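Thank you for coming, everyone. Please bring up the sequence and the model on your screens, and keep both in view while I talk.

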Amino acid sequence: MLASTEAEKGRESLYRELKVIATAPVFNEELKIGEVVKRVPRDVVDEVLIVDDGSTDNSPKIATDFGATVISLGRTIGVGAAIRSAFDYALTKGYDVIVVMAGNNKDSPEEIPLLLDPIADDRADFVQGSRFLNPAATFGDMPFYRRLATRAHPWLFSRVARRRVTESTNGFRSIRTSVLRDPRLDLRKNWLDGYDLEPFLYLRVIQLGYRTTEVPVTKIYPPRQLGHTKMKPITGWWQMLRPMAYVATGRWRKAT
């Protein structure tokens, strides 16, 4: 299912000669998704795309009401599958850059220009937002175990990538869409339907020699009663770690 507003169809605004789409995967975020869409700077972003991963609440309708284009996967597949669908949409529509952000209002869409400038300046093809580069960052109601995990992951990631990064679990990033056309990325495997896709993509982009950089961004965890994450403690974090194990051993080439 695809829904779009007439105003959105006619937009031709550009940010520094870039045609930009911002996307967020969503699963049951009716209390937050409207705010996410509303906060996107529309003088910078040409289209907001929400990919619904089988929500059973009013998330798709709310996103549409706030002016977003909505694609529904029809059933719950996973965040990786949702992001991959957004990539396909961006390529089909001829966008130059796709910005990926959280659908649960943890990111600050107002900071999207920070993710775009290195690409507009032709200094990068992939821009990773890093909360740890922001000296003024406060993480809100972030659980202690996640503070530890979000520090440990980039330490391991850096060793596999052979390049130091300060952030690897933050999904707030921008990608030049020409990178996504590279068949060597091989993002079509089923094991990338979940949380695996994002760290795998980042690793492969580095391995393939594309230019990457980090910029300071904000990441705020909402009060616990509003829900922190849909990630399951064991399987979710294994999906975040598996790409590093697979890339380090070369197993990703045989995994389906």
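Predicted model: local features only at pLDDT ≥ 70, side-chain atom pairs only at ≥ 80, totals over all residues.

**A walk through the model**

The buried residues of helix H4 are Val79, Gly80, Ala81, Ala82, Ile83, Arg84, Ala86, Phe87, Tyr89, Ala90 and Leu91. Residues are numbered from 1 along each chain as its sequence is written, and side-chain values use heavy atoms, with hydrogens and water left out.

Two terms will come up throughout. Buried means under 20% relative accessible area, exposed means over 50%, and partly exposed is in between, with a 1.4 Å probe and protein chains only as cover. Helices (H or I, at least four residues) and strands (E, at least two) are DSSP runs, numbered from the N terminus.

Let me return to H4, residues 79-92. Eleven of its 14 residues are buried, so H4 is largely enclosed by the rest of the structure. What span should its 14 residues have at 1.5 Å a residue? The expected span of a helix is 1.5 Å times one less than its number of residues, and for H4 that should be 20 Å, which agrees with its end C-alpha atoms being 20 Å apart. Just after H4, Gly94 takes a positive phi of about 80°.

Next, please find strand S3, residues 47-52. Six of its six residues are buried, so S3, like H4, is largely enclosed by the rest of the structure. Both of its faces are covered, with Glu47, Leu49 and Val51 buried on one side and Val48, Ile50 and Asp52 buried on the other.

Which strands pair with S3? Here two strands pair if DSSP finds at least two bridges between them. Strand S2 (residues 20-26) pairs with S3 in the parallel sense over six bridges, and within this pairing Ile21 stands opposite Glu47. S3 also pairs in the parallel sense with strand S4 (residues 69-72), over four bridges, and there Leu49 stands opposite Thr69.

With strand S8 (residues 212-216), by contrast, S6 pairs in the parallel sense over five bridges, and Ser130 stands opposite Pro216.

Helix H8, residues 197-207, has ten of its eleven residues buried, so it is largely enclosed by the rest of the structure. Just after H8, Gly209 takes a positive phi of about 90°. Arg162, in the loop between H6 and S7, is 45 residues from Gln207 in sequence, yet the two are 8.9 Å apart in space, C-alpha to C-alpha. Is Arg162 buried or exposed? Arg162 is exposed, with a relative accessible area of 80%.

Now for two backbone details. Most residues other than glycine have a negative phi. Asn105, however, has a positive phi of about 70° although it is not a glycine, and Asn105 is found in the loop between strand S5 (97-100) and helix H5 (112-120). Phi of Asp186 is near 55°, again a positive value in a residue other than glycine, and Asp186 is found in the loop between helix H7 (177-180) and H8. As for accessibility, Asn105 counts as partly exposed at 22%, and Asp186 is partly exposed at 29%.

That is the last stop on the walk, and I am happy to take questions.
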